[in-house]
Amino acid sequence: QVQLVESGGGLVQPGGSLRLSCAASGSILSINDMGWYRQAPGKERELVAVTTRDGTTNYADSVKGRFTISRDNAKNALYLQMNNLKPEDTALYYCNAKILISSWANFYNYWGQGTQVTVSS
C-alpha cells in the first residue's frame, strides 16, 4: 500500500514562514508529477504548486513569488517552502503524486491525509 504523509503545518502569524514535507512510502516503482493542493472551509480544493520529475515547476498566481516547491527523487519526498504567509493561505494542505506500483499497472493519483496551515495574528 502506497502512503503519502505530510508534516510541517501549524500556526503562524502573517508574514511568517513554514516548510511542509511529504514522504511517499510503500511498493513504489516510479513517481512522476507531484504537487501541493489546499482546501479552505467551504471552498473547492485548489492547486498550489506542481513539479515534474525533472524539477520543472508551476505555481498558482496567488502564491507565486512566496512559495517554492521542490522534490528529492532519491528520497521520494516533496517539499513546500512558504514565505510571507497571508491569512488567505489558511487551509488544509494535501500532497499529491502520480505513482506507478506495478509494471502492468497505470500511474495513479495518490493523496496524503493533509496538514493544517493556519495564518492568524
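The largest pocket is lined by Arg38, Gln39, Ala40, Lys43, Glu44, Glu46, Ser62, Arg66, Glu88, Asp89, Thr90 and Ala91. Before going further, please note that this is a predicted model, in which local features need pLDDT of at least 70, side-chain atom pairs count only at pLDDT 80 or more, and totals for chains, interfaces and linings use all residues. Residues are numbered from 1 along each chain as its sequence is written, and side-chain values use heavy atoms, with hydrogens and water left out.

A pocket here is an open set of points on a 1 Å grid over the protein atoms alone, where a 1.4 Å probe fits, with protein on both sides within 12 Å along at least five of seven lines; lining residues have an atom within 4 Å of a point. The space in the largest pocket comes to about 160 Å³, a volume being the space filled by probe spheres set on the points. Its lining comprises seven charged, three polar and two nonpolar residues. In this classification Asp, Glu, Lys and Arg are charged, Ala, Val, Leu, Ile, Met, Phe, Trp, Tyr, Cys and Pro are nonpolar, and the others, Gly among them, are polar.

I turn to the disulfide. The structure holds one, with a disulfide defined as a pair of cysteine sulfur atoms within 2.5 Å. Cysteine 22 is joined to cysteine 95, at an S to S distance of 2.1 Å. Which hand does this disulfide have? The torsion about its S-S bond is about -75°, so the disulfide is left-handed. Distant parts of the chain are linked in this way: cysteine 22 belongs to strand S3 (residues 18-25) and cysteine 95 to strand S9 (residues 91-100), 73 residues apart. Strands are DSSP runs (E, at least two residues), numbered from the N terminus. Both cysteine 22 and cysteine 95 are buried; buried means under 20% relative accessible area, exposed over 50%, and partly exposed in between, with a 1.4 Å probe and protein chains only.

Not counting residues up to four places away in sequence, asparagine 96 touches Leu4, Asp33, Met34, Gly35, Tyr37, Asn109, Tyr110 and Trp111, where contact means heavy atoms within 4.5 Å.

Finally, two backbone angles. Most residues other than glycine have a negative phi. Asparagine 76, in the loop between S7 and S8, has a positive phi near 50° and is partly exposed at 25% relative accessible area. Asparagine 84, in the loop between S8 and S9, likewise has a positive phi, of about 50°, and counts as partly exposed at 42%.

Notes. Helix = DSSP H or I, 4+ residues; strand = E, 2+ residues; numbered from the N terminus.
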